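Here is a short tour of one protein model. Look it over first, then read on for its helices, their packing and a few residues in loops.

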Amino acid sequence: MIPIPAIDLREGRVVRLRQGDYNQQRNYDIDAVQLARRYAAEGARRLHVVDLDAARDGGSRNRLAIYEIATGLNVPVQAGGGVRDESDLYALFRGGVAAAVVGSVSVRDPQRVIEWARVFGRDRIVVALDTRELDGAWTLPLHGWTEASGVTLQDRIALYLDAGLDQFLITDIARDGMMSGPSLDLYRSLRASYPQARIQASGGIDSVAALTSLRTIGASGAIIGRALLEARFTVAEANAC
């Protein structure tokens, strides 16, 4: 399992949101590129960078920072936020990004994402599925997690696996940015049902013990945001677990 430090960008600043709510934003007084360099110096083997402005409103306000991170460090970068068409993918890949994280389109239009994987290579596409448990089912809400899609998490994972895509980033919305521990039962269930899937766990990771639990379950990666920003542990300590 690879611990993956996360850097979320809004209006050029490093921030974290609680449960994806733009009205519950915590700002961090550090330059994004400097933060990426620090994580790389501590031994990060991959970085996760999100353009929150693009995710919400489109555009490319934070792209230059993403490109500087992707080209200036000897660490692969996966980047997402606002990936809506092929032009976004071409821009990210030309900017040095190793893999594109595709969110809303993965739920709304899976055939388009499957075609992108055919064109660019399946290892360059990370299918991001943000999920919420509702009446015993893991649902996939859209539009800032406010609109029901009518699709379940299991439906989409099975569809993508059948098409040859196996790299997923699964976020439990209820735990995102909450420092309450990851949704271990969810990831345990997914590993049992889809052992061939490479699953990056996201949401609530608050300790090295949580990382150890995810590694034991069989997660391929763990996205770590607030815990690193607030010095709960270091990248080196995450790697050592």
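## Helix 1

Helix 1 spans residues 32–41, and Ala32, Val33, Leu35, Ala36 and Tyr39 are buried there. Buried means under 20% relative accessible area, exposed over 50%, and partly exposed in between, with a 1.4 Å probe and protein chains only. The arc is that of the directions from the helix axis to the C-beta atoms. Helices (H or I, at least four residues) and strands (E, at least two) are DSSP runs, numbered from the N terminus.

This is a predicted model: local features need pLDDT of at least 70, side-chain atom pairs count only at pLDDT 80 or more, and totals for chains, interfaces and linings use all residues. Residues are numbered from 1 along each chain as its sequence is written, and side-chain values use heavy atoms, with hydrogens and water left out.

What covers the buried residues of helix 1? The cover includes strand 1 (2–10), strand 2 (13–18), strand 4 (47–51), helix 3 (63–72), helix 10 (226–229) and helix 11 (235–240). Contact means heavy atoms within 4.5 Å. Asp31 caps the N-terminal end of helix 1, with a side-chain oxygen 3.0 Å from the backbone nitrogen of Val33. Just after helix 1 comes Gly43, with a positive phi of about 110°.

## Helix 7

In helix 7, the buried residues are Leu153, Arg156, Ile157, Tyr160 and Leu161. Seen down the axis of helix 7, they fall within an arc of 130°, so they line one face of the helix. They pack against helix 5 (104–108), helix 6, strand 7, strand 8, strand 9 and helix 8.

Asp166 lies in the loop between helix 7 and strand 9. At 14% relative accessibility, Asp166 counts as buried. Leaving aside neighbours within four places in sequence, Asp166 is in contact with Arg122, Leu161, Gln196, Ala197 and Arg198.

## Two helix pairs

Two packed helices are described by the angle between their axes and the distance between the axes. Axes are lines fitted to C-alpha atoms, for helices over the stretch in contact, and angles run from 0 to 180 degrees between N-to-C directions.

Helix 6 (residues 110–120) and helix 7 (residues 153–162) pack at about 35°, with their axes 11 Å apart. Pro110, Gln111, Val113 and Ile114 of helix 6 make the contact with Arg156, Leu159 and Tyr160 of helix 7.

Helix 4 (residues 86–94) packs with helix 6 at about 40°, and their axes are 11 Å apart. Glu86, Leu89, Tyr90 and Phe93 in helix 4 meet Trp116, Val119 and Phe120 in helix 6.

## Positive phi in two loops

Most residues other than glycine have a negative phi, and most peptide bonds are trans. Asp135 is not a glycine, yet has a positive phi of about 55°. Asp135 is found in the loop between strand 7 (125–134) and strand 8 (137–139). Is Asp135 buried or exposed? At 79% relative accessibility, Asp135 counts as exposed.

Met179 is not a glycine either, and has a positive phi of about 55°. Met179 is found in the loop between strand 9 (167–172) and helix 8 (184–193). At 13% relative accessibility, Met179 counts as buried.

Definitions and conventions: A polar contact is a pair of N or O atoms within 3.5 Å; within protein, one must be able to donate a hydrogen and the other to accept it, and residues adjacent in sequence count only if both atoms are side-chain atoms.
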